[in-house]
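Biologist: I would like to learn how to read a model like this one. Could we go through it together?

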Amino acid sequence: MSDSDSNAGPPPKKLFIKTYGCQMNVYDSERMAESLGTQGYVTTDVAADADMILLNTCHIREKAAEKMYSELGRLKPLKADKPDLKIGVAGCVAQAEGAEIIRRQPMVDLVVGPQSYHRLPAMEQAVARGEKALDTDFPEDDKFDTLKSRSKAKRGPTAFLTVQEGCDKFCAFCVVPYTRGAEFSRPADRIIREAHELVEAGVREITLLGQNVNAYHGHAGGLAGLIWDLDKVDGLKRIRFTTSHPNDMDDALIDAHGTCDKLMPYLHLPVQSGSDKVLKAMNRKHTRDQYFALIERIRAARPDLLLSGDFIVGFPGETEADFEDTMDLVRTVGYGQAYSFKYSTRPGTPAAERAQVDEDVKLERLHRLQALLGDQQRAIQASMIGRTVKVLFEKKGRESGQMIGKSEYLHAVFADTTDVAIGDLRKVKIVKSESNSLGGEIC
Ligand code: SAH
Ligand code: SF4
Ligand code: F3S
């Protein structure tokens, strides 16, 4: 390095993060990158350029840990080429496996759980000294307090914002209460401040995140109270939230769907099964009729709301008749979008100990359910043709002159146009429906 260059300080170190799992991991990856920014790191999209690689992992379904170990195996040649490369594991597998990860794969330098990543700067310093760093505590201190303000760098028009974390519901199939810990709600004033920071950086749409986001209690008015406060944030055009539990949909939140213009008409409300027997065995604490009644109330408040859900097939004890109850529930409700999974045994959860449904039976049921959900999705997309929606444009399309964004209903919409910029909110008339998107013309 020449003398004149030395004033510029050391070149930034590069951080590559690979994110698996849910939206909360996407948010956490952003916060981890910002946190390591204080240690001189900037992010890169190229793993081979990195000085540190972090895998932000998910533990929700089978083979999660095995997938992570094989991913680590694939990183071995990089580490061999560049001995100073630091490798870390974050997220829910880090929480579940802890020190075992370093024992099984000694090239890992750092293991950090989802509740401890505000301690990353100190962990990075330890790693830089050649030590191993492990932190999978559920600390008393609020990690969000330590993380402070968001980066001021210009960013795209949509962002996630975690408002609630953890889960006390203990569904019999699920690892989240063990990996993310007890329910915790962030104070409303901090969330509002973060929303302002995001809007200043260019954000127009915020999706509030929580494992049970509608159990949020950091505002006297619950999640609805928080949404109404966010409604007042100038420059913020759209609000969404995910994931909700049916038992936490209170009147104020249902009402907000009918009265708050910024709250988008889309709701992800997983039911998992349509059989009362299976719902009980899953510890979901509501019946199918209670779910139907809830959907009716929500649709009365907002008739055009697009409903999304999660389903598990082949839960222990699920018979063909139980599965038919799920198919019937889907036919009755009608989903614009849905995620469906084969039940996967998770060590340490109650359902893992029960008699299991055969793999081929699970697979055959999954195919039948996905065919039905696919038909519903296509029908609802086709029903949009001829309608005018509002699209928040997020990026350029693959073809030149094409822009892509999302409608109120979270449909991806593309339009051929040269006078729309990223971040613009424009009326679009839908003219065609393709497999996972709609095509439209700017009005
Ligand atoms: N908090 C959310 C969901 C979190 S996990 C809720 O209460 O609905 C996301 C989805 O993964 C779940 O809705 C469920 O459908 C699926 N899932 C969770 N554990 C699973 C398991 N063991 N096997 C298969 N799918 C599972
Ligand atoms: Fe898991 Fe159930 Fe909690 Fe959702 S509500 S995170 S499915 S335990
Ligand atoms: Fe996966 Fe953890 Fe999210 S297990 S789904 S990354 S909360």
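This is a predicted model: local features need pLDDT of at least 70, side-chain atom pairs count only at pLDDT 80 or more; totals for chains, interfaces and linings use all residues.

Biologist: Let's begin with the helices. At what angle do α13 and α14 pack, and how far apart are their axes?

Modeller: In general, two packed helices are described by the angle between their axes and the distance between the axes. Here α13 covers residues 288–301 and α14 covers residues 320–333; the angle is about 15° and the axes are 11 Å apart. Angles under 35 degrees count as roughly parallel, so α13 is roughly parallel to α14. Their crossing is right-handed.

Biologist: Which residues of α13 and α14 meet?

Modeller: From α13 come R288, Y291, F292, I295 and R299. On the α14 side they meet D325, D328, L329, T332 and V333. Sorted by class, this contact has five nonpolar, one polar and four charged residues.

Biologist: Now the sheet. What is the order of the strands in the open sheet of three?

Modeller: Read across the open sheet, the order is β7-β10-β11, and the pairing is parallel. β7 (158–162) and β11 (238–242) are at the edges with a single partner strand each, so each has one side without a neighbour in the sheet. From one strand to the next, the twist averages 25°.

Biologist: How many bridges join β10 to β11?

Modeller: Five bridges join β10, residues 205–209, to β11, and the two run parallel. One of the residues to look up is E205, whose bridge partner in β11 is R238.

Biologist: Which strands does helix α2 lie across, and which does helix α9 lie across?

Modeller: Helix α2, residues 23–37, lies across β7, β10 and β11, and runs at about 95° to β7. Helix α9, residues 188–200, lies across β7 and β10, and its angle to β7 is about 160°.

How values were computed:
Residues are numbered from 1 along each chain as its sequence is written. Chains are lettered from A and ligands numbered from 1 in the order in which they are written. Side-chain values use heavy atoms; hydrogens and water are left out. Axes are lines fitted to C-alpha atoms, for helices over the stretch in contact, and angles run from 0 to 180 degrees between N-to-C directions. Helices (H or I, at least four residues) and strands (E, at least two) are DSSP runs, numbered from the N terminus. Angles under 35 degrees count as roughly parallel, over 145 as roughly antiparallel, 65 to 115 as roughly perpendicular and the rest as oblique. A crossing is left-handed if the near helix is turned anticlockwise from the far one by less than a right angle, and right-handed if clockwise. Contact means heavy atoms within 4.5 Å. Ala, Val, Leu, Ile, Met, Phe, Trp, Tyr, Cys and Pro count as nonpolar, Asp, Glu, Lys and Arg as charged, and the others, Gly among them, as polar. Two strands pair if DSSP finds at least two bridges between them.
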